[in-house]
Amino acid sequence: MNTIRRVAIIGGNRIPFARSNSVYSSASNQEMFTATLQGLVDRFNLHGERLGDVVGGAVMKHSRDFNLVRESVLSTTLSPQTPAFDIQQACGTGLEAAMIVANKIALGHIECGMAGGVDTTSDAPIGVNEKMRKILLEASRAKSTGQRLGSLAKMRPGMLVSPTLPRNGEPRTGYSMGEHAELMAREWNISREDQDALALKSHLNLARAYKDGFFTDLMTPFKGVAVDNNLRADLTIEKLRSLKPAFDKKVAPNQGTLTAGNSTPLTDGASAVLLASEEWAAAKNLPVLAYLSFSEVAAVDFFDKKEGLLMAPAYAVPRMLARAGISLQDFDFYEIHEAFAAQVLCTLKAWQDEAYCKEKLGLDKALGAIDLSKLNINGSSLAAGHPFAATGGRIVATLAKMLNQKGSGRGLISICAAGGQGVVAILEK
Amino acid sequence: MNDGYLNFANSAVGAKLADALGLPKPIVLDRYKEGQPVIKGSVLVGGGDDAKLLPVLAKIFKSIGAQTVAHRQLPQWLPLANGAGLMSGRWGVDDQPGEKVKALVFDATGMTDSTQSDALYEFFHDAARSVLPCGRVIVFGRPPEQCANPRQATIQRALEGLTRSLAKELKRAIAVQLVYVAEGAEDQLESTVRFLLSPRSTYVSAQVIRVGTPVGAGGTPLNWDKSLAGKKVLVTGASRGIGASIAEIMVREGATVICLDVPQAQPGLNEIAAKLGATAIELDIGAADAPQKLVDAAKADGGWDVIVHNAGITRDKTIANMKPHFWQMVMNVNLSTQERINDALVESGALKSGARIVCVSSISGIAGNNGQTNYALSKAGVIGMVQSTAPVFAKHGVTINAVAPGFIETQMTAAIPFAMREAGRRMNSMSQGGLPVDVAEAIVWFANPASSGLTGNVVRVCGQSLIGA
């Protein structure tokens, strides 16, 4: 039985994120993820190296990409003997992948590994019309030509023009993610002004981070792009105020507060991190940016109990804090994924709500407020964009570098995911 | 001075017609506009074994703000670039070509044997179709004459054949240069890389440039867009054409300019000087006392930093028909005068340390030309002067280089009969004539305080003219 080891974060890499149907519209998940992994291999000179495992995934995936991560690994200069597998936990995919690799390292099963994620909503899988799919399957099961022709004769021209499109919505409620976030904003009484202010800060922080060269060794250019193309360095509060509500029609007619400015756009991109045991890092003479020390996942009953769909991190964090024996205020940095400005603000408000913390989270008292000057200081998803499975890797690498720059400290990661789930972690140096 | 065919071939109808008839299709060249970045688009980096310039190149690309990607033959590039504070990555995924790039840069300095040439094939084979119009290609090598052994000198000399062929093959106004960097001269590269990557070098192609150890007190400009701030520059023949353009670009670069021309050119001279806020000197430089007068003027002005010998005359006749004074006048103005002035200025100390002399030669001096025995003699003489005085002036901290213009659209070339003019214009890799500003930009590059490693160079501004290659 091995003892539990510290898990070192060596570095990260991502390609610039790009709004859906823009510069990466012809790039596949595999192409983007390969480029991202290859950048990490190049940065740490891991050519020909056999890693313990590579774990990653995509939320929007073609059926042909059943082995996306392994196929991507085979396209890099890593040893072809590096195993890999796919996972999927919606927007939590990237962080969950890091947790899986970290746990294997902690238990001594492997010495090093990569974790990440990729998503494209441009090169999306489009299925054939559901009726047509059934007919085609029936035809393929047919035992004679006559039966086959009989099945195929049921096809109608209309089936060709109404394919099955992927949708960004909750299957159980029929509401889109934005509509759920709008409902949460109403429940917690989050103002449009506060949401716009958070969005503006995200853009200004990300722009400053680029200007400071913060991302120089965390990114590789892709398709000639070197900056997230959702970033608006010259964004103003007036511009944000001028945008119309985007998700109000079904859930809050004429009272919407969520706009295209304070919500993340559909985005294409990929990210990955390199994790290892301290021994492996030392043997390779690689620096350790930070350590991944705690993680937790939670889920809420958003259907029967009508809990806010994106409130699961509010549950996950106190459970993790209890295990770590620290309070919400014991952090130097907070990286709360900005799926929507409203999601961040609802979570922060919930932690300050005595009744919510006692009744829902089962705590003695409210967790309290955080120092907002420590929140997403190098920008987050509102500015960078949010390629679902790639966000976790972006945040882990960003926070690890921030801790390394500071020299010591502790950072909290919180990511909400579809299906009412939340994935959170603590990084330390 | 207006190339009507260039406009026609770039029109909707004209482009179709040119395709159908197989006519040349010149494209409108990128030209530098004040304040624009050095290069718009990515730089693809490649290199052979033991590529020695990579750390220096990473620093320069960082300084320029260039976006770089590396060919898979250079897996070491990314950490190196990151170390220099530069974001970078690999070009293409899974051995497939990546995005279109604006420039290709190949470091061949480590090549020591002809058997190592495969890296060149691999890089240019993969990337040839991925260079944007008006793109740039630079190959870096070691000067063959300074190589340690014959094998190394041979492969380094061989690079010339590659770059000159690429310049013809890549078309679409893509310029290709070979830069030989002497050992120990690595830190002298920035002004040259900036010039060659930028639209400033738009009409310079298939050239071989030698960068050596620094001469005199140079320096890095505080602002590369005002590279000659605080410098005093004399431009001869400045009343019109190329000379006027040189004066204008020097002023754009922040220099204080002294425009010189003969007394007969006074109206034009005064007009240019007034327009640019420059000083005007009327002087017949062919006169015996001209060198002393210039020395006195320079000393009175606190010393000069840059001398541009642009003044030149033609008196064309076949030698059998040429009168002796045509011969003597051309030789005196175009060559002997420059020799006397240079010697006087350098020896008297009227030039500051780190001063630059830039001469204007001509394609005629390289290829020869019917009816121009006198002119070609003088312009080839300018090349001889540059090469022979470079080591002498280096002891005084002064560099001397020359540009050799090809077909440049000026009043002088507008006077050439139509058929000959069209031939002159199209018979180069750009299928068009250059502009005076193209010559001026090359001169400004030599004049740059950071160009201390450049001396004894003759660079043609000719769009890779088919004549005199």
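This is a predicted model: local features need pLDDT of at least 70, side-chain atom pairs count only at pLDDT 80 or more; totals for chains, interfaces and linings use all residues.
**Helix α7 of chain B**
- This helix covers residues 190–197, and eight of its eight residues are buried, so call it mostly covered by the burial cut-off of 20 or more other C-beta atoms within 10 Å.
- The buried residues are Glu190(B), Ser191(B), Thr192(B), Val193(B), Arg194(B), Phe195(B), Leu196(B) and Leu197(B).

- For one spot to look at, find Asp107(B), which stands opposite Phe140(B) in β5(B).
- β5(B) is largely enclosed by the rest of the structure, because nine of its 11 residues are buried.

**The nonpolar core**
- The largest nonpolar core has 273 residues.
- Which residues have the most contacts inside this core? They are Ile9(A), Leu275(A) and Cys259(B).
- α16(B) gives the largest share of the core, with nine residues.
- Domain 2 (31–211) and domain 3 (224–461) of chain B each supply at least three residues to this core.
- As background, nonpolar side chains in soluble globular proteins tend to be buried together.
- Leaving out residues up to four places away in sequence, Ile9(A) touches Val273(A), Leu275(A), Leu289(A), Ala290(A), Tyr291(A), Leu292(A), Val396(A), Ala400(A) and Leu427(A).

**Where the chains meet**
- Chain B puts 16 residues into its contact with chain A, and chain A puts in 22 residues.
- On the side of chain B that touches chain A, the elements giving two or more residues are β2 (67–70), α4 (77–83) and β3 (88–90) of chain B.
- That side of chain B is made up of seven nonpolar, six polar and three charged residues.

**Chain B as a whole**
- Chain B has 16 helices and 14 strands.
- Of its 469 residues, 55% are buried.
- A compact globule of 469 residues would have a radius of gyration near 23 Å, so the 22 Å of chain B agrees with that.
- Along the principal axes, the C-alpha atoms of chain B fill a box of roughly 70 × 55 × 45 Å.
- Take the contacts in chain B with a separation of 6 or more: 75% of them are between residues 24 or more positions apart.

**Domains of chain B**
- The domain assignment gives domain 1 (1–25), domain 2 (31–211) and domain 3 (224–461).
- How far apart are the C-alpha centres of domain 1 and domain 3 of chain B? They lie 33 Å apart.
- Domain 1 of chain B brings five residues to the contact with domain 3 of chain B, which brings nine residues.
- The side of domain 1 that touches domain 3 has three nonpolar, no polar and two charged residues.

**Chain A as a whole**
- Chain A has 16 helices and 10 strands.
- Of its 429 residues, 52% are buried.
- With 429 residues, a compact globule would have a radius of gyration near 22 Å, and chain A agrees, at 22 Å.
- The C-alpha trace of chain A spans about 75 × 60 × 45 Å along its principal axes.
- Among contacts in chain A between residues at least 6 apart in sequence, 81% join residues at least 24 apart.

Key
Residues are numbered from 1 along each chain as its sequence is written. Chains are lettered from A and ligands numbered from 1 in the order in which they are written. A residue is buried if 20 or more other C-beta atoms lie within 10 Å of its own, exposed if 12 or fewer, and partly exposed in between; C-beta atoms are placed from the backbone. Helices (H or I, at least four residues) and strands (E, at least two) are DSSP runs, numbered from the N terminus. Two residues are in contact if their C-beta atoms, placed from the backbone, lie within 7 Å. Ala, Val, Leu, Ile, Met, Phe, Trp, Tyr, Cys and Pro count as nonpolar, Asp, Glu, Lys and Arg as charged, and the others, Gly among them, as polar. A nonpolar core is a set of buried Ala, Val, Leu, Ile, Met, Phe, Trp, Tyr and Cys residues joined through C-beta atoms within 7 Å. Domain bounds come from an automatic or database domain assignment. The radius of gyration is taken over C-alpha atoms; the globule rule is 2.2 Å times the number of residues to the power 0.38. Two strands pair if DSSP finds at least two bridges between them.
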